[in-house]
Amino acid sequence: MNWKGVREPDLETHGKEFGSDSNCSGKPVEDFKQMYKVDLSADPKEVAAIEARRNREKERQSRFFNVQTRVMGVDIKALNSQVEERKLREATEQSKEAAYGTYQKQYDLVAQMLEKEQAERTRRLAKKLQKFREQKQQLKSSREFDLWNSSQLWMEFPACLGHSDPPYGPASLQCFAGEDLERTTYLKMWQEQFRDGLERQLQEQRQVRADEKCTDMLNDQLRLAMDMRATQMAKLEESCRVGMMSATANANKAQAAELAERQRREWQHEQEANFMEIQNQITSDLLTENPQVAQHPVAPHRVLPYCWKGMTPEQRAAIRKVQEVQYHEKEAQRQADQAQDAKWESQNFCLAQATMELEEQERELCAEFQRGLGSFNQQLDKEQKAQQNYLNSIIYTNQPTAQYYLQFNTSSR
């Protein structure tokens, strides 16, 4: 018998295979939970979100499956209300756009009036400035006119003239360079010219102050006119706004009255339809307890679903009888399955015990074999050592020399 491939049995594996229904079967499950941490508590936020989704789904299902509130097809009333809301919204937007257009026209009119007034004011100021320049700032009345006048040389007298003498030449020694014979006249003329300049400046300053005063007065008048115009426009705008508000209120009242009237007619029509439906239900065979109404005219074994009022007592009794028979059959089958399971469990237990005994015998035989094999190996070792000692001490005592190998080679040749 070859024992090289024999290995020691795994008691834990066999215990799991054949002893899974024993008292220690819960320990591997606990070890698995501890190893992989599957018994940890879930996140509270995730649990709350799952619960909220579950509640919403239940609410949605209750709303869908509720016969009293469920609507099959198109909700005409809701569609009509949406159409009316859309029309009312469009009318409101149109009224707002009309009001914005009116305001825009008014603002454009005011802007045009202000632009015209500003242009007129600029034109008047330019006209007055041009008139002032033409009257008060002539070329001949300027101070520097005698400096750049082209005809000044033709109007001057010769420098060598005396007071009343005819002209003399340089040899007469009557006229010297740098001599001013009419200094007094020039001084008097310069003083008169200076006085005229001062008077002209004073007159210009008075004119400038008068123009500024007139300009301020015109500005005040223009500002007052603009304020009055703005007040008039504000009053007009307020009156337009009040008119628009009253028109919008009247339109809303008319729409509300029309909506109320339409709702009243719809309610009246609905009441009439409900009354007719109740009357039809009372007078028709739908609410009767006659089972013949639900019988199919062509196939007697079939019923009409829209007229069927339920099963008769005989049909219910037959169904209960069949259910009792099925229950007894199911109970008998369950008891047979339990007995079969008990037999299988006892057989598995017996097989497990037999397997454990065989494994114990196998271990004992393996141990005995190992002990016999060890003693046999020791005996062989002793015999091999004795043989080796015999060879070394008795047979191989004479060592060959070089002469022996030489003679051996010669003889072999």
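## Cysteines

Let's start with a simple count: this structure has 0 disulfides. Keep in mind as you look around that this is a predicted model. A disulfide would need two cysteine sulfur atoms within 2.5 Å.

Cys240 has a relative accessible area of 25%, so it is partly exposed. Cys350 is partly exposed too, with a value of 47%.

## Salt bridges along the helices

Next, look for charged partners. Side chains of opposite charge can pair when their charged atoms come close.

Begin in helix α3, which covers residues 44-65. Here Arg54 and Glu51 join their side chains in a salt bridge, with 2.8 Å from N to O. How far apart are Arg54 and Glu51 in helix α3? They are 3 residues apart, so about one helical turn separates them. Both partners are partly exposed: Arg54 has a relative accessible area of 38%, and Glu51 has 37%.

Now move on to helix α6. Arg241 and Glu238 both sit in this helix, 3 residues apart, or about one turn. Their side chains form a salt bridge with an N to O distance of 2.3 Å. Arg241 is partly exposed at 33% relative accessible area, and Glu238 is also partly exposed, at 37%.

Glu120 and Arg124 both belong to helix α4 (residues 76-136), where 4 residues, about one turn, lie between their positions. Glu120 is partly exposed, with a relative accessible area of 32%; for Arg124, likewise partly exposed, the value is 34%.

Val303, Trp308, Met311 and Ile319 make a nonpolar patch of about 340 Å².

Take Val303 as your way in. Where does Val303 lie? You will find Val303 in the loop between α6 (183-283) and α7 (313-395). Is Val303 buried, partly exposed or exposed? Its relative accessible area is 43%, so Val303 counts as partly exposed. Patch residues need over 30% relative accessible area, so Val303 passes that part of the rule.

Key:
Residues numbered from 1 in each chain as written. Predicted model: local features only at pLDDT ≥ 70, side-chain atom pairs only at ≥ 80, totals over all residues. Heavy atoms only, no water. Buried < 20%, exposed > 50% of the residue type's maximum accessible area, 1.4 Å probe, protein only. Patch = residues over 30% accessible without salt bridge, like charges linked within 9 Å, V, L, I, M, F, W, Y side chains within 5 Å. Areas by Shrake-Rupley, 256 points an atom, 1.4 Å probe, with all protein chains shown as cover. Salt bridge = Lys/Arg side-chain N within 4 Å of Asp/Glu carboxyl O. Helix = DSSP H or I, 4+ residues; strand = E, 2+ residues; numbered from the N terminus.
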